[in-house]
Amino acid sequence: MEMCFLRALLFVALSAWILADDGQVTFVSELSSKPAQKLSKYGWYGNVRLQRFHIPEETAIARWLFSVTKGNNFNCGKHNVTIHIQYGAPPVINPTGKVFPNATLWSPPLSLILPVTSQSSTTFNLSNPAPGDWFVGAHLPEHDGRIEQKGFPSCSYLFQPQLSIRRAVDTPIMQQGTFLQQTAAPDTPARLKLYVPEFASSLSVSVSDCSSGEAADDGNCSLVLRLGSTSLQQRPVTVNCSGIGCSATLSNPPWDTWLRVVVESSLGNRTVTFSIVSNYTVGCKPKSVGLKVDDDINKLRSKSNLTNSTSADNDTVVTDAVAPSNDSASLLTPLLASACVWSIPILYEELDVLSMRFTPANGPNVSVTDTHPTLLTYPLHTQATGGTLNLQLTLNTTNITVANSSSVVACLSPWAPVLDLNHSQPCRTALFGGYGVRVNVSDPKAVVRLPFPQSATWYLTLQLTCNSSDCGNASLVSVVPEVFISACVEDCGTYGECRLLRSYSYLYATCDCKTGWSGWGCTDGSSAQSYGRQLTATLLLTLSNLAFLPATVVAVKRCFIPEASVYLFTMFFSTFYHACDQPGVAVMCIMDYDALQYCDFLGSICSIWVTILCMARIKDIFKYTLFMLGALLIAMSMQLDRKGLWNLLGPVICAILLMVTTWVYRGVRRRHCYPPSWRRWVLFLIPGAVCALVGVCLYIFAETEDNYYYTHSLWHILVASCVVFLLPPKEKNREALGWNRGWTWSWRPQVCGYTLCQNDKDELYTVT
């Protein structure tokens, strides 16, 4: 009911929104909603519930509705839900304040805090949002370390984001050098757009001939000119106009894209009429390569041959990669006098999921001069934003002498390059920031890692700079730019695993750290476990299973051979499962982890099943039939849901009901409490039940990630101890090594061809 009310409220707000047309452009509304997802406490990035929304071109306003609903009636108290919003890629977050790996750069996203009791909602409005993919992630506060058993009732919160947008469908287009007459009012701004071509070095938009229709205000624009869109990290360029006009100029505007222009009036309730015009300058273009593609085909063939020869001779390939490329130097020579930028063709190779490589088509070495910049282009699509963008720049000094005062300056930027690199020029374009690095003789290698890079075309600009005006003989150097997409930062190092996650059709990767290590790349060892603690945990969890040896001995001594074999099976696989399950370096796996886990869970449930059936004291033919039938059903349920709560409760409840039924039947028939001996109750049944109850309470309520290794070890000991207490005594009609019904394994002496008599009377109801 509450969710329906929120949707109705959103519909009414949108209806009023749509009816408020500004009279200049036509707006249409679009709605999108994502299914509700259960939130988790934050322990690593896999606990974040990630959703992706697409905002189309020419969107004027975007409004998100975030709803959080309590999933049950538990008194969970008040919790804060953190919501992160990021444009172009999933948000990179650090709610626990951990250390990032070296050379890893990131920008914090917009974060909202939503207090939740039973149901809460909030809205977030964004004017002139950047078109493309927007990502929303949500999570609960930091995990307290308590291990929650699957299927056991607990607090749950459901998060559902919804998006509504208002999009213009007939936005006027500004042409180069063509004036447009427009009007703007305080509540109805003028909206326009213009196309910025590739290799545009500057863009200017001018407003003139302002008139408000009032004689007193003629010649006073009182307009606000905005260029660009809002992407939370970047804001539009804003100019306050006064007088009869104004202009805004962008150096290094975004290439090959539509740029939004919004003009707002700040003059009371009056409408302002004005003229607007745009002009862009293409200051530098590379030399045209023509229409022949034969050279490119030959490069692809040579690249394929080089890849095939890698497996045959890796040393040769590495040597060739380090040597300077003569082809690159020869291609550069005729361009020195005429070209102002050298654009290097890039080969794009998709190797695997979130694994891509960008290599220069002319070879790994790239020539860099001090006269003009070298430009490399890397298109990054949406499916690559779930990984890490890596840049490794290496100065090649093998055959080229580089002066100590010389250095190669590089700038990696999205949407547009920085073509004028010098000591004072920042690595930043008109609307977006970049990442600058520098290599020289003393520091020949530089590394930049960008987790979850923005979906855009990235540009790497290289140029040689010197302290003096002339670099002298060292005016040409060679560098090796290695740009590639990897799933995780350095594959999460020694103390983590790179996990591939999915949000519907979108794939992204993150590190799952172990043994107390944390951080984006599992490099923060502030709370890491020592080797001694890891070894102690492994020994406790494995050696505690030896507590099943007394249970096995007691079962064999009392002639419960099938039960003893089940206990041995459980002890063996539980020991080696926990030896393989450890997150640190003290690990030993004798077979596949999944097989060990399956056998451990199966043996544990079967041990409880056969023990309770043994206590029921039913005839052997029925007992062993139930043994087999129960084992098959338990194996099936383990395959369906291995960690489900009812996989344990189902067999236990069924076995206890059967045991209680047989005990009640015997007690009624004998008119005496069963078992009849008070010693059996006081010394065996009650202590066994207490051990089982304490073990279950520890298993369900007390286990945390910090105390797991000794609480779970205590669980092993308590379960094995309760088996020793609860196993019934030996039946009087059983032999030491077998049963007298069905088979005879014992030797019987004969006298004159006759077998000595043996009492086969059934004594099912005798308990000592």
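Biologist: In this predicted model, where is the place of Arg617?

Modeller: Phi of Arg617 is near 60°, a positive value in a residue other than glycine. Most residues other than glycine have a negative phi. Arg617 has a relative accessible area of 6% and is therefore buried. Its place is in the loop between α8 (593-616) and α9 (620-640).

Biologist: Is Trp415 buried or exposed?

Modeller: Trp415 is a residue other than glycine with a positive phi, near 75°. Its place is in the loop between β26 (406-414) and β27 (435-440). The limit for burial is under 20% relative accessible area. Trp415 has 19% relative accessibility and therefore counts as buried.

Biologist: Which residues does Arg680 touch, not counting residues up to four places away in sequence?

Modeller: Arg680 is found in helix α11. With a relative accessible area of 7%, Arg680 is buried, because buried means under 20%. Beyond those sequence neighbours, Arg680 touches Arg558, Pro675, Leu685, Phe725, Leu726, Leu727, Pro728 and Pro729.

Biologist: How are α11 and α12 directed relative to each other, roughly parallel or roughly antiparallel?

Modeller: Helix α11 comprises residues 678-702 and helix α12 residues 708-726, and their axes are 8 Å apart. The two helices pack at an angle of about 155°. Angles over 145 degrees count as roughly antiparallel. The relation of α11 and α12 is therefore roughly antiparallel.

Biologist: How do the residues of the contact of α11 with α12 divide into nonpolar, polar and charged?

Modeller: The crossing of α11 and α12 is left-handed. The residues of this contact divide into 18 nonpolar, five polar and one charged.

Biologist: Are α6 and α12 roughly parallel or roughly antiparallel to each other?

Modeller: The axes of helix α6 (residues 548-557) and α12 come within 8 Å. They cross at roughly 15°. Angles under 35 degrees count as roughly parallel. The relation of α6 and α12 is therefore roughly parallel.

Biologist: Which residues make the contact of α6 with α12, and how do they divide by class?

Modeller: α6 passes α12 in a left-handed crossing. On the α6 side the contact is made by Phe548, Pro550, Ala551 and Val554, and on the α12 side by His716, Val719, Ala720, Val723 and Val724. By class, these residues are eight nonpolar, one polar and no charged.

Biologist: What is the handedness of the crossing of α5 and α7?

Modeller: Helix α5 (residues 531-543) and helix α7 (residues 561-580) pack with their axes 8 Å apart, at an angle of about 165°. α5 and α7 are therefore roughly antiparallel to each other. Their crossing is right-handed.

Biologist: How many nonpolar, polar and charged residues does the contact of α5 with α7 have?

Modeller: From α5, the contact is made by Thr538, Leu541 and Thr542. From α7, the residues are Thr575, His578 and Ala579. By class, the contact has two nonpolar, four polar and no charged residues.

Biologist: How many Å apart in space are Leu31 and Leu163, C-alpha to C-alpha?

Modeller: Leu31 lies in strand β1 (residues 27-33). At 57% relative accessibility, over the 50% limit, Leu31 therefore counts as exposed. Leu31 and Leu163 are 132 residues apart in sequence, and their C-alpha separation in space is 5.8 Å.

Biologist: Among contacts in the chain between residues at least 6 apart in sequence, what share joins residues at least 24 apart?

Modeller: The secondary structure of the chain comes to twelve helices and 34 strands. Of the 768 residues in the chain, 46% are buried. Among contacts between residues at least 6 apart in sequence, the share joining residues at least 24 apart is 77%.

Technical notes. Residues are numbered from 1 along each chain as its sequence is written. This is a predicted model: local features need pLDDT of at least 70, side-chain atom pairs count only at pLDDT 80 or more; totals for chains, interfaces and linings use all residues. Side-chain values use heavy atoms; hydrogens and water are left out. Axes are lines fitted to C-alpha atoms, for helices over the stretch in contact, and angles run from 0 to 180 degrees between N-to-C directions. Helices (H or I, at least four residues) and strands (E, at least two) are DSSP runs, numbered from the N terminus. Angles under 35 degrees count as roughly parallel, over 145 as roughly antiparallel, 65 to 115 as roughly perpendicular and the rest as oblique. A crossing is left-handed if the near helix is turned anticlockwise from the far one by less than a right angle, and right-handed if clockwise. Ala, Val, Leu, Ile, Met, Phe, Trp, Tyr, Cys and Pro count as nonpolar, Asp, Glu, Lys and Arg as charged, and the others, Gly among them, as polar. Buried means under 20% relative accessible area, exposed over 50%, partly exposed in between (1.4 Å probe, protein chains only). Contact means heavy atoms within 4.5 Å.
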